[in-house]
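Have the viewer open as you read.

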Amino acid sequence: MSLKVLVVEDDREIRTMMQSSLSVEGFDVQTAVSLSEARALMRNNPPDVVVLDLGLPDGDGTELVREIRKQHATPVIVVSARHQEAQKIALLDAGADDYLTKPFSVGELLARIRVTLRHRGTSLAAAVTTHVLEDLRVDLAAHVVERGGEALHLTPTEFKLLARLVRSAGRVVTHRQLLADVWGAEFTGHTHYLRLYMAQMRAKIERDPAEPRHLLTETGVGYRLADT
Amino acid sequence: MAALLLLAATLCSAMLDAYVSLTSQAMIYVLAVVIAAYKLDWVPSAVSAVAAVTALNFFFVPPRWTFEVESQEHFIALAVMLVVALVISHLAASLRRESRHAAASEQRARQLQALASSLADASTPADIVSLGQQALDSAFSGPNTVVLTAGIGESPDATADGLRCCMAESAVLGPGTGRWPGLNAWYLPLGSRGQAVGAACVQPAHAADVDSREHAQTLCGLLDQALQRVNLAATVQTAETEARRQQLQSTFLAAVSHDLRTPLAAMVGAASALQTQSDKLGPADQLRLLDSIVSEASYLSTLTENTLQLVRLTSPQQELRRDWESLEEIIGTVLGRVRQRDLTRRIKSRVPAGLPLIRVDPVMLAQLISNLLDNALQYSDGEIDLTVALTSRPVAGQNAQALVISVKDRGPGIADEERELIFEPYRRGDQSGPRESRGAGLGLALCRAIAAAHGGSLTVSRRTGVGAVSA
């Protein structure tokens, strides 16, 4: 059985492009041009992943993401233009899984969908406890972080931060989510904590901290642990 | 006061009674009358003159303790003294009136001078109105009002009515003006006929007090001049802004007609070739056409992004989304992106560890650095150095720290006379050069706008080093 993708996009050209390129990859593609249509489709025929465009004629999608999060673990990928930063972050904080900035290539879209599908259900059961990419190996259960076979010593806060990123490896995690999960809900405004800890961690984990390979910055949004 | 003086004179004369003649006692009374005349108004001083003569008569002129006068000589002396006392008190009163008048005029002249000099510094109508209010309040006990036309509104109260009316008539209303003499205040328009920009209301107003009314009129005249100056300056500035905007728009249109059409033409050409000739084109040709569509489209996307950001930054309501950011991180992401166009790794970055966090808009700063790097990649061949240095420089007496981001390439350099021109929007260095270069010249204009929005600057120097300073 093929995986079902719901594309919510009001622009006909982009909708058609996504539909055809996703169909070619073997997805079963449904399309909606508005939030209300998307809601109806969610009820009748729940998809496996939702690709949601910002700036739809009947709203910004935050409500839809909240509704989806209440009932399903369906991954949501937000598609936004550059200037929609604030809305995009609001959706990510509301529970969207990842985002794409227009213009994007089909390759990027497919990669995002693959990552989110791999994580499907992990928000309920913490399934991901290990992460391996190139020379970096993280085993959360055994509390081990290695680079090239050599154990790295992380402070407890650094480890918590890394663990949070490992559990969402490949997906963006917003500043607010990281601060709330690692430091606590009352620290969500303290982005400078993150900057300092990320710099420390990069110094330990990265071969060249100035051009990171693993701990990637999503400028103005959050961080992403590279998994490809 | 007059009574005290007379009492003192009487006591004094009584004490000296045994030693001096009546003439000296009369002189003491005259002295009392002169002092009273100098200190008091005309009526009380005249009364005290009469009282002094009466007292002298009663206490000292024989027969004493009566109002009768014994000899004719004493009668004449008393009559002369009465006349002298009255004349003195009249003279003293008018002298006092004049010196008071002179002091008041001097104070008013000084106030006018002070108002004129403070109005010279005022730059908005609101400043001028508040200065005017202060000036009127210090000259008149009030309550006084100064308002601009817009501030009067439609309110139905008597003051607003008077203000509206004096503006409509462009004339002073109130006591002594011949217009609405029954009012208890003067209403003065700011501005001449048909161009009243505001009005003032001054209290208390008396018909006879011509000086005060003229002073109020002069103050209002100063306010009117200042308002006209400010309005004129604003008009000129609006006209200039409008002219600049139109010029920008026309250069933008000119740039669009070239820089947007060219990639669009290339894309349409390549796409239509694939559409109609795909059976005749070999796989290598098809790939080349597809590559060209993708690269032209991404160029258009960058151009659009730069244009939008520049428009957003130059609009006055723009607010930066600042946060505490790590420059190392921002440069890391920019390099991650730019490396896709830098396959031979020409960019050498040297970012020292442990830089302080800076409060910036990360998206904007990333765009600044990536525009500079793209520029360097496009216009030069050799290595490109990206360096960051923390420097101290004195700012307003304090040592402020600044981050200097510099991008140095080994390109052909920029002629001295082009140094500033390259930052103008829609301009490109190397206009006539043989190099196949593109770009609407928006990149550097945007970079400079971003640097300026962060309180920094962007300059170019020899060896095509481009430095951005962000405080």
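Predicted model: local features only at pLDDT ≥ 70, side-chain atom pairs only at ≥ 80, totals over all residues.

Now zoom out to the open sheet of 3 strands in chain B, ordered β1-β3-β2 with antiparallel pairing. Because β1 (145–148) and β2 (186–190) of chain B each have a single partner strand, they stand at the edges, and one side of each has no neighbour in the sheet. On average, neighbouring strands here are turned by 15 degrees against each other, ignoring direction.

Next, the helices around that sheet. Helix α5 of chain B (residues 125–139) packs on it, touching β1 and β3 of chain B, and its direction makes about 165 degrees with that of β1(B). Helix α7 of chain B (residues 158–169) lies across β1, β2 and β3 of chain B and runs at about 50 degrees to β2(B).

Finally, over to the interface. Here 20 residues of chain B are in contact with 20 residues of chain A, and the two chains bury about 1700 Å² between them, 52% of it on carbon and sulfur atoms. There are 5 salt bridges between chain B and chain A; one of them joins the side chains of R339(B) and E211(A), at 2.5 Å from N to O. On the side of chain B that touches chain A, α11(B) supplies the largest share, 5 residues. That side divides into 6 nonpolar, 5 polar and 9 charged residues.

Technical notes: Residues numbered from 1 in each chain as written. Chains lettered and ligands numbered in written order. Heavy atoms only, no water. Contact = heavy atoms within 4.5 Å. Buried area = accessible area lost by both parts, 1.4 Å probe. Salt bridge = Lys/Arg side-chain N within 4 Å of Asp/Glu carboxyl O. Helix = DSSP H or I, 4+ residues; strand = E, 2+ residues; numbered from the N terminus. Nonpolar A, V, L, I, M, F, W, Y, C, P; charged D, E, K, R; others polar. Pairing = 2+ DSSP bridges. Axes fitted to C-alpha atoms, helices over the stretch in contact; angles between N-to-C directions.
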